[in-house]
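Work through the following exercises with the sequence and the model at hand. Try each task before reading its solution.

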Amino acid sequence: MDSAQAYVIVGGSAAGMAAAQAIRQRDPAAGITVLSEEADAPYFRPLIPYLVSGRKQAADMMLAGSGPYTGQNIQVWTDARVAAVDCNAQTVTLADGRQLGYGKILFATGSRPFLPPEIRGTDIEGVFALRTLDDARRMAKRAEVTRRAVMLGGGLLNLKAAFALLERGIRVTLVVFSPEVLSQLMDPDDALLIRRALDQAGLEIRTGSAAREIMRDQSGVCAVGLDDGSEIACQMVCIGKGVRPNVDFLAGSGVRTGGGIVADRFTACNQPNTFAAGDVAVTYEPVSGRPIMTALWTNAVEMGRCAGLNMAGVPTVYSGTFGILNATQVADMPFVAMGTVHTRNLDAEIHRHASADAYRKLVFDAEGRRLVGAVLVGDITNAGIYRYLIREKRDITAVKRQIVRHRLHYGHLLAI
Amino acid sequence: MTQPKEIFAITDRCVGCRTCTIACAVAHSASKTLFGAVAETPRPKSRIYVEWAPPAHKIPLVCRHCEDAPCMHACISGAIRRTDDGVVVTDADKCIGCWTCVMVCPYGMIGRDLERHKAYRCDRCPDRDIPACVAACPTGALVYQTVPAYAADVRRHASSEMVKGKGS
Amino acid sequence: MAVAEDIIEKSIDPTVHQMLARARDLGLETVWDRYEKMLPECGFGELGVCCRNCNMGPCRISPFEDQGPQRGICGATADIIVARNLIRMIAAGAAAHSDHGRDLAHTLLLTAEGKGGGYEIKDEAKLAALAAEYGIATENRSKEEIALDLARAVYAEFGKQEGFVQFTRRAPAKRVARWQKMGIDPRGIDREIVEIMHRTHIGVDNDPVNLILQGLKASIADGWGGSMIATEISDVLFGTPAPVRSTANLGVLKKDEVNIVAHGHEPVLSEMILAAASDPDLVAEAKSLGAKGINVVGMCCTGNEIIMRHGIPLAGNFMQQELAVITGAVEAMIVDVQCIMPALGSLCECFHTRFISTSYKAKFPGAVHIQFSEEKALEVAKQIVKVAVENYPRRVADKVFIPEEKTECMVGFSTEAVVKALGGTLDPLLEAIKSGAVRGIAGVVGCNNPKIKHDHGHVALVRELIKNNVLVVTTGCNAIACAKAGLMLPEAADEAGEGLRGVCQALGVPPVLHMGSCVDISRILATCAAVANALGVDISDLPVAGAAPEWMSEKAVSIGAYVVSSGIFTVLGTVPPVLGGPVVTDVLTRGAEDVVGAVFAVETDPVRGAGLMIAHIDKKRAALGL
């Protein structure tokens with residue numbers, strides 16, 4: 001046991017590695033140890049669908065040395081799952097029995113896929129919940145014998161996995177309980193263009209359906225039974241039903257959890273020298289101020305950097321994040337959803353504009369003076385300026401016309 | 001390390017001719033010539049923008065290579081890094097076209113190359129002594145200076161304007 | 001329909017608001033959208049300091065002395081470049097008007113020779129008057145014989161090398177003497193235009209003032225030459241306009257008839273389209289296809305030509321040409337030359353509208369070309385109308401949206417009609433001016449321009465003028481704006497000041513008199529000349545002023561130049577591309593006073609622009625001792 005360890009980071013993904021990088025920038029000499037339960041060295045998790053599609057190799061996804069992750073002497077222990085934390089002794093115990101002391105510790109253990117218990121057979125060979133690089137490897141292997149795959153859940157992660165499989169020539173059916181895909185990111189009406197693009201790309205989508213049972217034969221998955229009694233023969237099932245924070249290792253530690261790990265505005269937990277960041281942390285939404293949890297790389301990096309600065313002695317307020325802050329492109333249709341975008345029964349001023357190849361919904365507060373949310377589909381130009389306006393709660397009266405017509409540019413903000 | 005130079009815009013000097021945008025696109029073309037560039041497919045793209053805001057502002061806008069570049073940290077594929085010269089660059093090989101950088105840039109300075117499905121932005125012309133836009137600006141609205149040198153110029157200009165003002 | 005605030009700010013015309021909202025719903029682009037996308041416009045162009053006249057360049061002069069080149073590669077200064085560019089604009093404008101005049105002369109020639117396919121000489125009195133001006137014998141000669149001589153005489157004006165252009169001699173003797181003294185009395189029409197092209201070639205005329213003088217010379221050849229020929233010969237062939245009532249604005253399109261929009265400039269085409277549209281066979285065919293009839297409406301100056309001679313309704317001015325198509329109710333947009341947006345082609349493709357070009361000089365992407373021919377005029381016109389009629393069944397009911405608004409108007413005040421309204425002599429007008437009931441006369445003309453809120457520049461300026469007892473005479477897109485705004489009704493006298501109101505009520509005329517299309521600014525010149533001659537003074541002594549509140553075309557530059565050259569102070573509502581040349585700017589706004597007795601002013605606010613005109617009128621009144 002090396003109690004001289006100044007910084008221990010539990011979790012080697014976005015939040016953990018961003019924190020390690022931030023600490024290293026402030027403190028070139030400090031000892032930094034990252035404990036990752038995965039066998040792989042830290043990697044860009046959002047890229048794993050590319051391993052399934054075959055477009056990238058694992059080596060192309062490694063974090064160290066890429067982008068801002070250039071800090072030296074960050075010790076990463078792989079296969080190092082933390083089993084317990086003793087906040088009085090300031091030690092952690094690994095599942096294999098090793099112990100490690102810490103000066104300051106960051107909990108950035110992320111989340112794991114949620115497997116709905118009402119679906120029978122989620123443990124069958126060929127059933128996946130794509131989360132880790134290892135999941136992706138196994139999924140790629142299974143894809144070799146898969147002619148048809150069923151995706152359960154219409155979220156972004158499942159859509160990306162679906163397209164990875166489509167690229168491999170596999171027939172893919174998406175089973176969505178909600179009335180429309182991407183229901184977490186937008187109202188059904190906002191998703192029409194994306195839905196059309198998905199349909200045109202060859203994805204089969206069944207909305208309003210739920211899986212009851214996954215069936216097996218000698219080679220693993222052979223079919224999915226739906227709640228309407230129908231069955232879809234398939235060789236692979238991918239479950240995308242949300243995630244749950246990894247907090248079990250904190251049982252008995254005294255670190256306060258409530259859904260996730262509760263952190264204050266300086267990313268600190270209730271025990272001395274403990275911090276939390278990323279998917280596992282409960283943060284708050286800047287517009288409403290209410291507590292939320294997100295599972296987004298970008299948010300995790302931001303909070304992780306903030307935690308790293310706080311740990312390194314630079315008090316830094318974490319300004320929170322939108323529960324919804326997504327940009328991506330599926331089926332050649334780029335879109336951005338951010339801030340308050342579910343507007344049914346919402347007291348808000350809403351401007352929608354639809355054309356053949358673009359859609360936008362801009363959500364203002366009830367007084368119409370502040371932008372609170374935006375969905376941009378097709379044309380996402382200058383989305384970052386909207387994000388800035390939402391986040392800073394700027395009075396947008398002077399540029400509202402430009403926002404509504406999607407003509408806003410930074411020059412307008414300089415001129416007002 | 002010497003202080004890196006940056007591109008500054010003197011907005012009251014901009015006449016809105018967009019010569020900078022042409023020079024930028026040509027500098028990022030394969031042929032590096034205007035007549036060659038207009039024949040290339042896909043067309044080379046300018047990384048500098050000249051916008052208009054009422055009542056009559058002409059505003060050149062270009063990537064500021066922010067110190068804490070939000071795009072770099074937000075990138076989900078590790079494609080954006082800062083060079084030793086302080087230039088924030090996008091590695092097209094690593095870019096997967098997810099547009100997260102577009103979503104977080106508060107200045108709207110990241111373009112989307114739809115043909116290549118890659119994000120692009122000002123790279124401050126690494127092969128040139130002076131960025132193409134600055135070299136091309138016919139009115140001196142764009143300057144390439146270190147921060148202290150530019151600040152000194154602005155102070156000098158302001159004081160000479162004051163002297164002129166008194167004399168009139 | 002709730003209309004976005006930014007659309008409301010684009011125009012004062014409710015039909016424009018409705019149609020732009022409609023365009024936005026349909027995802028269609030209009031001139032306003034393209035203007036916004038063009039912003040910022042290039043400052044070098046705005047200042048007039050870019051030169052592409054030779055291939056050492058292109059050159060542009062930096063407006064900031066300490067930064068960037070101050071001389072072109074040949075050594076040209078900003079003033080030289082600005083002056084060259086400006087007079088090239090005059091050359092283009094004068095060429096456009098004059099070529100229009102030439103087409104009319106050609107039509108008169110063919111008609112006189114008996115080769116005109118349907119034209120006839122309608123105004124023999126005017127024919128006789130023009131013959132007298134040209135010294136052509138009329139006694140015991142047929143109208144065709146006289147017309148033949150007249151046609152040859154006016155035709156010759158274009159290629160004349162020496163002497164003078166006959167109609168310039170309508171100007172007061174003092175004016176002509178002034179032109180001669182300054183060396184700007186044009187020798188012919190084409191010659192002065194050609195000489196501009198020569199002088200602005202690399203290494204020829206590099207004296208900004210000398211260049212501008214040539215510009216004025218060519219412009220005089222337009223206003224008192226090409227344009228005046230266009231007006232006068234049109235009157236001979238199609239009749240001199242007399243007051244007639246009609247309606248204006250997009251509401252003139254009919255939801256149950258074949259709608260034909262005649263757009264462009266020359267009456268040679270539109271007159272025959274009108275004739276063809278009343279052809280019983282074509283009307284019967286239209287009815288057999290479910291239409292109640294054939295509805296021809298005018299657009300831009302073609303609209304002015306046919307409303308003032310026939311009372312044909314006017315659909316709108318320059319900025320409304322796309323909006324007419326967006327109504328979805330136009331079977332054919334028939335065009336000849338000038339001010340026709342190439343955007344119409346792709347726009348018409350979004351609807352059933354046939355976009356038909358008719359002049360070999362003016363072809364457009366997306367247009368069907370049916371070559372018009374004066375020799376077979378009626379035959380070709382019928383062919384064109386037939387295309388429109390047969391297109392009626394392709395109209396898509398769901399896509400039709402015609403605004404209801406249309407405004408009554410009284411138009412057709414040619415100089416002759418004005419004199420007639422006055423009881424056969426100018427005296428009542430002169431008396432009214434002397435008494436101060438009519439403070440002065442303003443000629444308000446010109447285009448539309450998205451830089452100015454559509455029609456606001458026109459209407460606000462005109463309203464301010466009549467409120468201050470200034471009688472307004474108008475042509476072109478300003479005339480259409482005034483018609484739509486209800487200013488061309490005798491009842492609009494209520495908006496006029498007390499003196500002007502009384503005069504209008506006594507004569508039963510509107511306070512804003514429609515004098516025709518943009519070539520018909522020659523009517524304004526002729527009226528001014530007549531008033532000046534009656535008073536025995538020069539035009540520059542008269543309490544008159546001009547304005548082009550929303551101008552944009554090169555023709556407007558030529559118009560401005562000849563109006564000022566004729567001695568009339570002129571206010572421009574958009575900034576001409578000359579401010580990069582301080583000498584040129586000074587010549588136009590101050591120095592020209594010594595040369596032609598009038599200057600330009602630039603004022604983008606229409607009410608303040610009217611103020612400048614009124615102040616000028618008052619100054620001239622004082623000088624006349626009124």
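The exercises below concern a predicted model, and each task is followed by a stepwise solution.

**Exercise 1. A helix in chain A**

Task: State which residues of helix α3 of chain A are buried, and what covers them.

Solution. 
Step 1. Locate the helix: α3 of chain A runs over residues 133–143.
Step 2. Apply the cut-off for buried, which is under 20% relative accessible area.
Step 3. Consider the spacing. Residues three or four places apart in an α-helix point the same way, because there are 3.6 residues a turn.
Step 4. Look for the cover. Among the elements over the buried residues of α3(A) are α2 (48–53) and α4 (156–167), together with the strands β9 (127–128), β14 (220–226) and β16 (236–239), of chain A.

**Exercise 2. The largest cavity**

Task: Find how much space the largest cavity holds, and describe its lining.

Solution. 
Step 1. Search the whole structure: twelve cavities of 30 Å³ or more are found.
Step 2. Take the largest, which holds about 200 Å³ of space.
Step 3. List what lies around its centre. The lining has 23 residues, and the closest to the centre are Gly443(C), Val445(C), Gly546(C), Ala547(C) and Val563(C).
Step 4. Assign the lining to elements. In chain C, β11 (440–444), α22 (521–535), β14 (544–548), α23 (554–565) and β15 (569–572) give two or more residues each. The most come from β14(C), with five residues.
Step 5. Sort by class: 17 residues are nonpolar, six are polar and none is charged.

**Exercise 3. The second largest cavity**

Task: Determine which domains of chain C supply at least three residues each to the lining of the second largest cavity.

Solution. 
Step 1. The space in this cavity is about 140 Å³.
Step 2. Its lining has 17 residues, and nearest the centre are Cys301(C), Gly446(C), Cys447(C), Cys477(C) and Cys518(C).
Step 3. Three residues come from α23(C), the largest share.
Step 4. The domains asked for are domain 2 (250–399) and domain 3 (413–623).
Step 5. By class, ten lining residues are nonpolar, six polar and one charged.

**Exercise 4. Two domains of chain C**

Task: Describe the contact between domain 1 and domain 3 of chain C.

Solution. 
Step 1. Domain 1 spans 78–238 and domain 3 spans 413–623.
Step 2. Their C-alpha centres are 23 Å apart.
Step 3. In contact are 38 residues of domain 1 and 41 residues of domain 3.
Step 4. The buried area is about 3,200 Å², and carbon and sulfur atoms give 67% of that.
Step 5. On the domain 1 side, Met89(C), His97(C) and Arg175(C) lose the most area, together 18% of what that side buries.

Terms used:
Residues numbered from 1 in each chain as written. Chains lettered and ligands numbered in written order. Predicted model: local features only at pLDDT ≥ 70, side-chain atom pairs only at ≥ 80, totals over all residues. Heavy atoms only, no water. Buried < 20%, exposed > 50% of the residue type's maximum accessible area, 1.4 Å probe, protein only. Helix = DSSP H or I, 4+ residues; strand = E, 2+ residues; numbered from the N terminus. Contact = heavy atoms within 4.5 Å. 1 Å grid on protein atoms, 1.4 Å probe; cavity = no way out; pocket = protein on both sides within 12 Å on 5 of 7 lines; lining within 4 Å. Points joined across faces, edges and corners; volume = space filled by probe spheres on them. Nonpolar A, V, L, I, M, F, W, Y, C, P; charged D, E, K, R; others polar. Domains from an automatic or database assignment. Buried area = accessible area lost by both parts, 1.4 Å probe.
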